[in-house]
Amino acid sequence: MKRMTMSNLQIEQFTARTDNFGVLIHDPDANLTASIDAPEEKPILDALGRRGWTLTHIFTTHHHMDHVEANAALKKRFGVEIIGPEDEKAQIPGIDRAVGHGERFKFGNFDVDVIATPGHTAGEISFHIPAAKIAFTGDTLFSLGCGRLFEGTPAMMFKSLQRLVALPGETEIYCGHEYSESNARFALTIDPENSALKERARQITALREAGLPTLPTTLLREMATNPFLRWYDPSIRKNLNMEKASDEAVFAEIRKRKDNF
Ligand SMILES: [Fe+2]
């Protein structure tokens, strides 16, 4: 019997606007290409051109302008299908399909799982593709950081991050912005003795000096270094004088300190 094999998902990450990331994913068997968010038309067109791909989908994480600005232009140019968060559908230009927590949809041969990750905005979602071991976390989880709470509460963001840390540790994390350098400076004020964090901060400095992106990261690496995922850590709790506080209170304190950093 002939065995069917599935090609790997191909990924192209690039920068857009000032510090946004654009990401394209391509299923070569189905000849489908999705843009994760649509921060800016030109860099997306350039990336498509480099790879010789035609855009068929946009997966939108949340409604902020720097994630949806090119939706209308790309839809006009390619007739793409735009898939985005149910709870923000009124704010997503050109949305065709609204999806919510726990929903699974097909992208070519790949299943895409929708995870509700509100906090940065009230309806933000993340996309997880288990077979490719990747997740797109928008402005919820960054390398060494998490999104600012524009519309949600610390409790909402805490729950959202718990959902993301439940994914397999080897999951590669792509996110919406290159914020790693300033995040590292802040993380070191919360967790100064963490040797994995110190090493990661050195790596980040070297990558940025070479003009290279610090993303993707992996969930395991973030769990070892990102203070927003380390609410349980005894030395962080000691530094914050919160040894007996709840996990959520520790998270909220770290988020508050970052807001004032
Ligand atoms: Fe945002």
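1. Buried means under 20% relative accessible area, exposed means over 50%, and partly exposed lies in between (1.4 Å probe, protein chains only). By that rule E86 is partly exposed, because its relative accessible area is 33%. K89 also counts as partly exposed, at 42% relative accessibility.

2. A note on the source. This is a predicted model: local features need pLDDT of at least 70, side-chain atom pairs count only at pLDDT 80 or more, and totals for chains, interfaces and linings use all residues. Residues are numbered from 1 along each chain as its sequence is written, and side-chain values use heavy atoms, with hydrogens and water left out.

3. Now the sheet. Helices (H or I, at least four residues) and strands (E, at least two) are DSSP runs, numbered from the N terminus. Two strands pair if DSSP finds at least two bridges between them. Six strands make an open sheet, in the order β7-β8-β9-β10-β13-β14, with mixed pairing. Its edge strands are β7 (104-107) and β14 (217-218), and each pairs on one side only. Strands of a sheet pair through backbone hydrogen bonds, either parallel or antiparallel.

4. Look at β7 and β8. Strand β8 covers residues 110-116 and pairs with β7 in the antiparallel sense, over four bridges. The two form a hairpin with two residues between them. In the turn, G108 has a positive phi of about 60°. Across the pair, F107 stands opposite F110, and R104 stands opposite D113.

5. What is the other neighbour like? β8 and β9 also pair in the antiparallel sense, over four bridges. Here V114 stands opposite F127 in β9. β8 is mostly covered: six of its seven residues are buried.

6. Salt bridges come next. A salt bridge is a side-chain nitrogen of Lys or Arg within 4 Å of a carboxyl oxygen of Asp or Glu. The structure holds 19 of them. E86 bridges to K89, with the closest N and O atoms 2.9 Å apart. K106 bridges to D111 at 3.1 Å between the closest N and O atoms. K106 counts as exposed, at 54% relative accessibility, while D111 is partly exposed, at 24%. R104, K106, D111 and D113 are linked in a network of salt bridges.

7. Aromatic rings deserve a look. Rings of Phe, Tyr and Trp (its six-membered ring) pair if their centres lie within 6.5 Å; planes under 30 degrees apart count as stacked, over 60 as edge-to-face and the rest as tilted. The structure holds 11 aromatic pairs. One of them joins F105 and F127 edge-to-face, 6.3 Å centre to centre with 85° between the planes. This pair links distant parts of the chain: F105 is in β7 and F127 in β9 (residues 125-129), 22 residues apart. F105 counts as buried, at 3% relative accessibility. F127 is buried too, at 0%.

8. F228 and F251 form another pair. Their ring centres are 6.1 Å apart and their planes stand at 70°, so the pair is edge-to-face. F228 lies in the loop between α7 (219-225) and α8 (234-239), and F251 in helix α9 (residues 247-259), 23 residues apart. F228 is buried, at 0% relative accessibility. F251 is buried, at 0%.
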